[in-house]
Amino acid sequence: MTILVVENVKKTFTNGKSEILALDNVSFSIGDNEVVCLVGPSGCGKSTLLRIISGLEKAYSGRILFHDQPVTHPIPQISMVFQLFGLLPWKTALENIELPMEVLGVKKEDRARTAQEYLRRVQLEGFENTYPHDLSGGMKQRVGLARALALHPEILLMDEPFSSLDELTAKTLRELFLYIWRDPSAPPNSMIMVSHNVEEAVYMADRVLVMSSRPGKLVGEVKIDIPRPRQEHVREPIYFEHVDKVIEMLEKGKKQT
Amino acid sequence: MGGLAVLCVMGWSIMTMSLNPEAAAEAANLPFYTFSTISRIVITLVISVVWGVFFGILAATNKVASMVLTPFIDLLQSIPILGYFPMVIGFLFLLGPWGIELSVIILLFTSMAWAIFFGVLGAVKSIPTNVVESAQSFGLSGWRYIRHIVLPAIAPTVVAGANLAWCDGWFFMIAAEYIQYQGKVVPPPSGGLGYLLARASYFYGDMPFAIMLLVFITFIVVYFNILTWHKLMERASTGTFKPIIRMDLSGVGKIGVARPVHWFHFGSIHWPKTFSIISQSLRKYSRIEKVTAAILAFVAVFIALYLQSEHLPTLAMIQQGFSSPPADELSRLPSLIFLTMSRLTIAYIISLVVAIGLGVLAAEHKRLSAIIYPIYDIGQGVPILALFPVMFLGLNKVFGTPEIALELTCITMLVLDMIWYMFLNVVSATKNIPTEIKEMAELFGFKGFKRVTHIVIPFILPSIVTGSILSWGTGWNTIIFAEYMPSTDPSIPPLSIPGIGSLLDKAGYQYGNTVLLVFILGIIATIVLFMEGFIWRRLLRKFEKYHIEI
């Protein structure tokens, strides 16, 4: 079942007097329980696309449909994890998770309980009253994840969520994200991740969407048919075949422009 | 060109305004006075730039120089500039007319130089490590290193700092050109606009004349800002590796010039960076450095006393100082300090509230900013010290009681003086909220009041502290001037409201009691340093955690 449709999205930026086309007619859809990765060279507009899906930015033309309803502004059902975490330094881990719920008008005891619960899910028990300043990068991203999940989103958007972490931490966190995604009792249903790391994309996604550099266009799609959990398959030829396929498409996208 | 024409017309109308014959004779000197004031400020500017660049680079690159210079200059600029004025001129007056001119320039220098020094210091220190390292790996050193790396890197800061110094110069001009020494007014031999304005309001009490002059001066300041500084700023910021210089500030207004703002205000690179420079400068001094600074300050005081009396201060001299007027007021010292502190506190709270309100609105609302920024632009062009006599004249007419008028003038002046620092800091800090935090706030639905209390205010708190330090610093400078009103007639004693600022003025201007002057300066310096150590530094350290790493 399709839950989100991206329909002919175009985006332009004005640079002084000239207009630059950033996204050119991008269309795709996301199904239930799907992990989709957007990969492309830097500056191809993949982060912009993610922001349009979240409702943070407006498309020049085209639209986003979530359960057949157009998305024009941020909604709690579509939540996001940021590259640099976006935590408030003046709030503790627990308060950071609670705050968006407070904005939504959740009762005090309820939000404290929910925040606690998600802190447990991201394995940060005992860090409730720690400030971001005293957390490591990986821990901060766990808080970021817990904050997004606490709103029970159907779709989780991730803007290069692991790219500011060291590889070992990133690996652990990828596992954690997938673990939470697989847990049927917990949100989210589907995830859209922006990445420039092809191997990461193949490791995480059901489908990898490849974009060309400016103007950003979809140049192809690779379905990843590797059984999960994929940890057992990362050394097998099937994994590398998929990686090669994505890289080949990226190269082709480069030549077109 | 149009501006020049307006200037000429304004000048002509000031000269031909119907005045009493004596005042008219003085007003006829306007073109010459304008020329002498401008050249005075330009000369001081050149000296300040050369001094600031030289010592700034020295202090930033040489450890020993930094240990001696930085805390000492920090101390000098945090005690009220107007305070040590009489000490300097007492000595220089012995040199005749040139001495008077020199003392005006020295006073201007002490109000203009710090901006450039601290700007250069910060800019040299924030040259990116990779640039420094690559320069070293290519063997650039000595003069070539300075010529190819340091000077281009600091150029934008120097231009911005010089611009601030220029505004500062105009700000203090009225105090510098209307020198009172031992109860007498000593006019600079070549006159000046500040002198003319002071005459118009103190001596002639001619309100329309004073207002016209004030508008004339403001116009010159704003006109020069548009004409020269803007272009210079644009040119200086291209071709350097940190082109963001002053971008925030020029965003603040079309004329975009910061008012008499002290050093780091130059809007150097990023505001967070600016912030970190000040917090460092507050924290980094070791005990040795503080002791060095204190010793140097003592030496300076002794030299000043020595120059005054031409022999080292003896116990008898100090005793004499403490027994001659206005020593009789020393018994009321605690209440005088309390009164001055209350004025400063009231003005501080008013400017804090107004600046945060307007600053956040201006930074967050596009439409409101279209109204607030132009007001800011013109407001910061007005040399506020020059406003003092004009405002007093006006309020005195309204209330009829000079004391109430002076009290109100004093607090209004303080507010007008303090508010720009706060406003500028609030605006640039609000504009500097990282995109991700803004996106996060929007994504999770923070709007209106919730956005301000949860996101904006906590984020700008460190900048508010920085702004507060500046506000209090400039407040101390201003209150010395604002608690004391020179008389319009030599036979009438000057008007003053009780406070430690007016006590200082009496000691300096009225009685020429250097011993007492130094003593009161010491008290003020102690209060300033005490507040810095016990309030601001603690707050800065507390808010350090709020810094968002990008």
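Residues are numbered from 1 along each chain as its sequence is written, and chains are lettered from A and ligands numbered from 1 in the order in which they are written.

The strands β1(A) and β4(A) belong to an open sheet of four strands, in the order β2-β1-β4-β5 of chain A, with antiparallel pairing. Because β2 (18–31) and β5 (69–70) of chain A stand at the edges with a single partner strand each, one side of each is left without a neighbour in the sheet. On its other flank, strand β1 of chain A (residues 2–15) pairs with β2(A) over 10 bridges, again in the antiparallel sense. Helix α1 of chain A (residues 46–54) lies across β1, β2 and β4 (61–66) of chain A and runs at about 120 degrees to β1(A); axes here are lines fitted to C-alpha atoms, for helices over the stretch in contact, and angles run from 0 to 180 degrees between N-to-C directions.

Chain A also holds an open sheet of six strands, in the order β6-β7-β8-β3-β9-β10, in which the pairing is mixed. The edges are formed by β6 (78–81) and β10 (218–223) of chain A, each with a single partner strand, so one side of each is left without a neighbour in the sheet. From one strand to the next the twist averages 20 degrees. At the β10(A) end, strand β9 of chain A (residues 207–211) is joined to β10(A) by five bridges in an antiparallel run, and A:Val208 stands opposite A:Val222 in β10(A). Helix α4 of chain A (residues 137–149) lies across β6 and β7 (155–159) of chain A, running at about 175 degrees to β6(A).

Chain A can also be read by domains, whose bounds come from an automatic or database domain assignment. Domain 1 of chain A comprises 1–77 + 177–221 + 248–257, and domain 2 comprises 89–152. Taken over C-alpha atoms, the centres of domain 1 and domain 2 of chain A are separated by 27 Å. Their contact takes five residues from domain 1 of chain A and six residues from domain 2 of chain A, two residues being in contact if their C-beta atoms, placed from the backbone, lie within 7 Å. On the side of domain 1 of chain A that touches domain 2, the residues divide into five nonpolar, no polar and no charged, where Ala, Val, Leu, Ile, Met, Phe, Trp, Tyr, Cys and Pro count as nonpolar, Asp, Glu, Lys and Arg as charged, and the others, Gly among them, as polar.

Chain B has 22 helices and four strands. Of its 550 residues, 46% are buried, that is, 20 or more other C-beta atoms, placed from the backbone, lie within 10 Å of the residue's own. Helix α15 (residues 333–364) and helix α21 (residues 500–510) of chain B pack at an angle of about 115 degrees, with their axes 7 Å apart. The contact is made by B:Leu336, B:Ile337 and B:Thr340 of α15(B) together with B:Ile500, B:Gly501 and B:Leu503 of α21(B), which by class gives four nonpolar, two polar and no charged residues.

Between the chains, 17 residues of chain B are in contact with 15 residues of chain A. On the chain B side, the elements that give two or more residues are α19 (435–443) and α20 (448–482) of chain B, and α19(B) gives the most, with six residues. By class, this side of chain B has nine nonpolar, three polar and five charged residues. For the complex, the predictor gives an ipTM of 0.82 and a pTM of 0.74.

Chain B averages a pLDDT of 74, with 73% of the residues scoring at least 70; pLDDT is the predictor's confidence in each residue, from 0 to 100. Among the elements of chain B, α15(B) has the highest mean pLDDT (91) and helix α11 (residues 247–252) of chain B the lowest (30). Over residues 238–284 of chain B the pLDDT is below 50, although this stretch has 119 contacts in the model beyond near neighbours in sequence. Where pLDDT is low, the predicted coordinates should not be read in detail.

Technical notes: Predicted model: local features only at pLDDT ≥ 70, side-chain atom pairs only at ≥ 80, totals over all residues. Pairing = 2+ DSSP bridges. Buried ≥ 20, exposed ≤ 12 C-beta atoms within 10 Å, placed from the backbone.
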